[in-house]
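Subject: Structure handover

Hello,

Here is the structure you asked about. Please load it before reading on.

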Amino acid sequence: MKKRLNAVPTDRVHLWLMLALTFSTGVVDAVGYLGLDRVFTGNMTGNVVLLGMAFAGGADLPILRPALALIFFMLGAALAGRMLRKGPAGWSGRTSVALSVVAAGLTALAVFVAVADVQGNEILGSITTSSMAAVMGVQAATAKRLKVAEITTVVVTSTITGLASDSRLAGGDSQFWQRRALAIALILAGAVAGAAALKVGLWLGLAISAALSIAVAAAGYVRHHRERSADVATAAEAG
């Protein structure tokens, strides 16, 4: 099994890991939108549209939490971007740290919403959605740094556009159609899972996403460590 995993190209491994995080985003957004006053914590396009409609007088549309989510998402992405920019391209130790922060943040949030009444307390609810958005900002910036084609982990509008505009129906060559279709299907499946998890409690959806983030961070770190060890061994033999 170990040999089989090592035989898989690194780009393919990174694709699998980012697709897993895409599913996780669907879960988190379902928790935020359905469980915490219609707030998107991963898909910022949704928050921008909600704010626009709310500013125009849309009935009962939230303003504070979507606005805070947008700000904290950008803050999380900015902090992660600053840290990752100092590291090498591709997966690095900094990538592992960034995704570990995502995993730790989601784990802490799962525990927090399990013990605190975040749905009944406006301040606690806003803290929760803002924290979720900051964590998703870190995740999005990390995915961007890895540069897995067509996979952002947090939004699929551009993916859907690419799937249609590059399809054979549009006269294209359908490049990347499989990963595009998978990304769309997985964020949808994640939303279904997140909505179902709410029947148990807010904590379950966040716990699912935390577990996935832990697995992704661990798998990426192990693969990166093996590659570095192999490079060192090759260099030693050449020397």
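Below is what was found in it, from the whole chain down to single residues.

This is a predicted model, in which local features need pLDDT of at least 70, side-chain atom pairs count only at pLDDT 80 or more, and totals for chains, interfaces and linings use all residues. Residues are numbered from 1 along each chain as its sequence is written, and side-chain values use heavy atoms, with hydrogens and water left out.

Whole chain

The chain has 9 helices and 0 strands. Both are DSSP runs, numbered from the N terminus: H or I with at least four residues for helices, E with at least two for strands. The radius of gyration is 19 Å, against 18 Å from the globule rule for 239 residues, so the chain is as compact as a globular protein of that length. That radius is taken over C-alpha atoms, and the rule is 2.2 Å times the number of residues to the power 0.38. The C-alpha trace spans about 70 × 50 × 35 Å along its principal axes.

Of the 239 residues, 42% count as buried. Buried means under 20% relative accessible area, exposed over 50%, and partly exposed in between (1.4 Å probe, protein chains only). Among contacts (heavy atoms within 4.5 Å) with a separation of 6 or more, 72% are between residues 24 or more positions apart.

Helix 4

Helix 4 covers residues 64-85, 22 residues in total. Its first and last C-alpha are 31 Å apart, close to the 32 Å expected at 1.5 Å a residue. The expected span is 1.5 Å times one less than the number of residues.

Its buried residues are Arg65, Pro66, Ala69, Phe73, Gly76, Ala80, Gly81 and Leu84. Seen down the helix axis, they fall within an arc of 135 degrees, so they line one face of helix 4. The arc is that of the directions from the axis to the C-beta atoms. Their cover includes helix 3 (44-55), helix 5 (93-115) and helix 6 (122-146). On the other side of helix 4, Leu64, Ile71, Met74, Leu79, Arg82 and Arg85 are exposed.

Two positive phi values

Most residues other than glycine have a negative phi. Arg38 has a positive phi, near 55 degrees. Arg38 sits in the loop between helix 2 (10-35) and helix 3, and is partly exposed at 28% relative accessibility.

Phi of Phe176 is also positive, near 65 degrees. The place of Phe176 is the loop between helix 7 (157-165) and helix 8 (177-197). Phe176 counts as partly exposed, at 29% relative accessibility.

Best regards
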